[in-house]
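User: I'd like to learn how to read a few features of a protein model. Could you take me through them one at a time?

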Amino acid sequence: KVRTTLKNLQLAIAGTIVMSDDLANALDAMFNAKVPASWLKGAWFSPTVGVWFQIMLNRYDQWDKWLKQGRPKSYWLPGFSNGQGFLTAVKQEVARSKQGWALDDVVMLTQVEKMDFEDVRESPADGIYVHGLYLEGASWSKKEQHLIDASRGELIKLLPVMYITGVLKQDKKLGYQVYECPVYFRFDPRKR
């Protein structure tokens, strides 16, 4: 839809085709730095067309590399339309790779690593690495491996790569180092 709209806008501006209402609305939206409504059907929400287009390029890049080069060493989690479904598939894959593990007995285990996305050299033996998650109102100390206060004037901070795998419920140790925290998706005002 994006490619068609942009090509038709070029033709309409050049006078080769008639400017339809849909094209005029798309042009007005882009002029106001908004995402054209026709692009948002079945897609993710973004407040500006620049951010939306960059997300589209990043998503395309991840899928294209995955198809042509095989599984990524680290997955850009925000690039999935259904991140929860992807993580469930990871849990299923780990359960299937272990002899005698029932899926109902497997829970997710996450661990923040000391490396950034650019430093990932190979995939973990079990589970996956993910990147692209942000902390709001806090920061992460790679050296001390825990949450710290955000620097003054810094509201959002990129989290280092996170390791995610499945473990048996009875093997998951809940100790002093565990902080169970929610992960929020980008707010979409269309879903009120």
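User: Which residues line the second largest pocket?

Analyst: Keep in mind that this is a predicted model. To read a pocket, start with the residues around it, then ask which elements they come from. Here the lining is made of Val 2, Arg 3, Leu 6, Lys 7, Phe 53, Met 56, Leu 57 and Tyr 60. Two elements each give two or more residues to that lining: helix H1, residues 2–14, and helix H4, residues 49–69. The space inside the second largest pocket comes to about 170 Å³.

User: How many of the residues in that lining are nonpolar, polar or charged?

Analyst: The lining of the second largest pocket has 6 nonpolar residues, 2 charged ones and no polar ones. Arg 3 and Lys 7 are in the lining, and Arg and Lys count as charged.

User: Let's turn to helix packing. At what angle do H1 and H2 pack?

Analyst: For a pair of helices, look at the angle and the distance between axes together. H1 packs against helix H2, residues 21–31, at an angle of about 100 degrees, and their axes are 10 Å apart. Because angles of 65 to 115 degrees count as roughly perpendicular, H1 is roughly perpendicular to H2.

User: Which residues make the contact?

Analyst: From H1 come Thr 5, Leu 6, Asn 8, Leu 9, Ala 12 and Ile 13, while H2 supplies Leu 23, Ala 26, Leu 27 and Met 30. Sorted by class, the contact of H1 with H2 holds 8 nonpolar residues, 2 polar ones and no charged ones.

User: Where is Lys 34, and what does Lys 34 touch?

Analyst: Lys 34 is in the loop between H2 and helix H3, residues 37–40. At a relative accessible area of 45%, Lys 34 is partly exposed. Leaving out residues up to four places away in sequence, Lys 34 touches Ala 29, Pro 47 and Val 49. Ala 89 is 55 residues from Lys 34 along the chain, and their C-alpha atoms are separated by 34 Å.

User: Is Pro 72 buried or exposed?

Analyst: Pro 72 has 17%, so Pro 72 is buried. Pro 72 is located in the loop between H4 and strand E1, residues 75–76. Beyond residues up to four places away in sequence, Pro 72 touches Trp 66 and Ser 123.

User: What about Val 106: buried or exposed?

Analyst: Val 106 belongs to strand E2. At 2% relative accessibility, Val 106 is buried. Its contacts, again leaving out residues up to four places away in sequence, are Lys 91, Ala 95, Trp 101, Gly 166, Val 167 and Leu 168. Pro 78 lies 28 residues from Val 106 in sequence and 24 Å away in space, C-alpha to C-alpha.

User: And where is Ala 102?

Analyst: Ala 102 is in the loop between helix H5, residues 83–97, and strand E2, residues 106–112. Its relative accessibility is 34%, so Ala 102 counts as partly exposed. Ala 102 and Ser 81 are 21 residues apart along the chain, and their C-alpha atoms are separated by 27 Å.

Conventions:
Residues numbered from 1 in each chain as written. Predicted model: local features only at pLDDT ≥ 70, side-chain atom pairs only at ≥ 80, totals over all residues. Heavy atoms only, no water. 1 Å grid on protein atoms, 1.4 Å probe; cavity = no way out; pocket = protein on both sides within 12 Å on 5 of 7 lines; lining within 4 Å. Points joined across faces, edges and corners; volume = space filled by probe spheres on them. Helix = DSSP H or I, 4+ residues; strand = E, 2+ residues; numbered from the N terminus. Axes fitted to C-alpha atoms, helices over the stretch in contact; angles between N-to-C directions. Parallel < 35°, antiparallel > 145°, perpendicular 65-115°, else oblique. Contact = heavy atoms within 4.5 Å. Buried < 20%, exposed > 50% of the residue type's maximum accessible area, 1.4 Å probe, protein only.
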